[in-house]
Amino acid sequence: MMIETGLSPTALSASGLVFGMLVGSFLNVVILRLPQQLNNQWQQDSRDFLGLEPVSAESISLAKPSSRCSDCHTAIRPQHNIPLLSFLFLRGRCNSCAKPISIQYPLIELTAGLIAAFFVYQHGLSEVTFYSLVLSYSLLVLTGIDFHEQLLPDQITLPLLWVGLLANLNANFVPLREAVLGAIAGYLSLWIVFWAFKMITGKEGMGYGDFKLLGALGAWLGWQMLPLVIFLSTTLGATVGIAGIIFAGRNRETAIAFGPFLAIAGWIAFVWGDKILVSYLGIFNL
Ligand SMILES: [Zn+2]
């Protein structure tokens, strides 16, 4: 299923870029607010469970309050809220208090824009593009949240698994059988590593969110891609970890979230996995 627009691939991906940057602006809000919402919810639930009086926390949702400066809390005017351009125009500083705005905002917007341009260029306005964007943006949000909070919310990882199975109902990416086996194998493989590591060292090396994320990736990519995802994510994680010890003077015990590496590795395998496997297997003449 593909919608014909009559636009050239270049014009189409330019529109994709703009669309993606607008979505990116929303993804920034999700990355910032979803963890706050969850924290408020957990606090309320805990107080409720302990029979304590509820505290009246400022209610936040993805829509309210409107975007504010994280330093001076001045509401951001619409003309200063244009993806990427406002950041460049304001030279990365708040218009009211001149404190630097996090580079994360334009970075997420630009990444989201490039992702949309890329898939629209490759697959046009199609079901494959739609699902590819759902997966890519979910991984982008998970990367952002896990990076800051060391948390992969169930609210994203679980639906991501089901949508992956749904996407492969028509074998958009892999046959459904491979997707189902991928979801199970993805969860179980890290679950086994977790318990083996815990029994040997007495420490917990990763969280349950990581298992759910790999389960979700298995549903999208099929079980055959899982070894590649694990290989890429651990290589990436080890490289960043060692660089952190050497250059940033981090301690070996400093915990770094594994989710971002899984998400990035999953995305690379989603887009280039087949090519990587073919050239890798080609080397060994299999
Ligand atoms: Zn400010």
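Reader: Which residues in α5 meet which residues in α7?

Author: This is a predicted model, in which local features need pLDDT of at least 70, side-chain atom pairs count only at pLDDT 80 or more, and totals for chains, interfaces and linings use all residues. Residues are numbered from 1 along each chain as its sequence is written. Helices are DSSP runs (H or I, at least four residues), numbered from the N terminus, and two residues are in contact if their C-beta atoms, placed from the backbone, lie within 7 Å. On the α5 side are Asp154, Thr157, Leu158, Leu160, Leu161, Gly164, Leu165 and Ala167, and they meet Gly209, Lys212, Leu213, Gly215, Ala216, Ala219 and Trp220 in α7.

Reader: How do the residues of the contact of α5 with α7 divide?

Author: Ala, Val, Leu, Ile, Met, Phe, Trp, Tyr, Cys and Pro count as nonpolar, Asp, Glu, Lys and Arg as charged, and the others, Gly among them, as polar. On that basis the contact of α5 with α7 holds nine nonpolar, four polar and two charged residues.

Reader: Are α1 and α4 parallel or oblique to each other?

Author: Axes are lines fitted to C-alpha atoms, for helices over the stretch in contact, and angles run from 0 to 180 degrees between N-to-C directions. The axes of α1 (residues 9–49) and α4 (residues 127–149) cross at roughly 40° and come within 9 Å. Angles under 35 degrees count as roughly parallel, over 145 as roughly antiparallel, 65 to 115 as roughly perpendicular and the rest as oblique. The two helices, α1 and α4, are therefore oblique.

Reader: At what angle do the axes of α1 and α3 cross?

Author: Helix α3 covers residues 104–123, and its axis comes within 6 Å of that of α1. The contact of α1 with α3 has 17 nonpolar, eight polar and one charged residue. The crossing angle of the two axes is roughly 145°.

Reader: Where in α1 does a kink lie?

Author: The bend at a residue is the angle between axes fitted to the seven residues ending there and the seven starting there. In α1 the kink is about 30°, shortly before the proline Pro35, and it lies at Arg33.

Reader: How far apart are the end C-alpha atoms of α1?

Author: The expected span of a helix is 1.5 Å times one less than its number of residues. The 41 residues of α1 should therefore span 60 Å, and this agrees with the distance between its end C-alpha atoms, 56 Å.
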